[in-house]
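Please look over the structure shown below before reading on.

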Amino acid sequence: MKVIIVALALVAVAAGAAVEYEPPKILRSEYDQTPQGGYNFGFETENGISRIETGEPKEVLDADNKPQVVVAVRGSYTYTDKEGNVVTVNYSADENGFKAEGPSIPKPVRR
Ligand SMILES: *[C@@H]1O[C@H](CO)[C@@H](O)[C@H](O)[C@H]1NC(C)=O
């Protein structure tokens, strides 16, 4: 019985060690917004992940030619992939949809 209890205790310790996870430290983190609905934020972690994004309210005409306010978003994120390459993606989102750009993003086929 003692042997089983010791074995179970060892398994528990090993399992505890396996799930221990130290999240990367945040080196920088900023956030700001305007009463009109604009914002910007950015952060950077010690393991090379960073992201910045801005949102700007802007008036556009909808399908019925009525003015509507949308938030035009632009941003960028960077990380290091499994092979050690630093990958950066720029993106935007507005009344024309979402677009992402970077060497890791396949280019759409133009016809
Ligand atoms: C992202 O945008 C910046 C600023 O316009 C540009 O210098 C950079 O080359 C762009 N990177 C990618 C991956 O498109």
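The points that follow cover salt bridges, a surface patch and a pocket. The model is predicted, and the salt bridges in it come to a count of four.

**Salt bridges**

- R28, E30 and E44 are joined in a network of salt bridges, in which the side chains of E30 and R28 meet at 3.2 Å, N to O, and those of R28 and E44 meet at 3.3 Å, N to O.
- The pair of R28 and E44 links distant parts of the chain, since R28 belongs to strand β1 (residues 26-33) and E44 to strand β2 (residues 39-45), 16 residues apart.
- R28 counts as partly exposed because its relative accessibility is 28%, E30 counts as partly exposed at 45%, and E44 counts as partly exposed at 33%.
- Another salt bridge brings together the side chains of R51 and E53 at 2.6 Å, N to O; here R51 is partly exposed at 29% relative accessibility, whereas E53 is buried at 9%.

- Y79, which lies in strand β4 (residues 67-80), counts as partly exposed because its relative accessibility is 33%.

**Largest pocket**

- The largest pocket holds about 190 Å³ of space, and its lining is formed by K99, A100, E101, G102, I105, P106, K107, P108 and R110.

Methods: Residues numbered from 1 in each chain as written. Predicted model: local features only at pLDDT ≥ 70, side-chain atom pairs only at ≥ 80, totals over all residues. Heavy atoms only, no water. Helix = DSSP H or I, 4+ residues; strand = E, 2+ residues; numbered from the N terminus. Buried < 20%, exposed > 50% of the residue type's maximum accessible area, 1.4 Å probe, protein only. 1 Å grid on protein atoms, 1.4 Å probe; cavity = no way out; pocket = protein on both sides within 12 Å on 5 of 7 lines; lining within 4 Å. Points joined across faces, edges and corners; volume = space filled by probe spheres on them.
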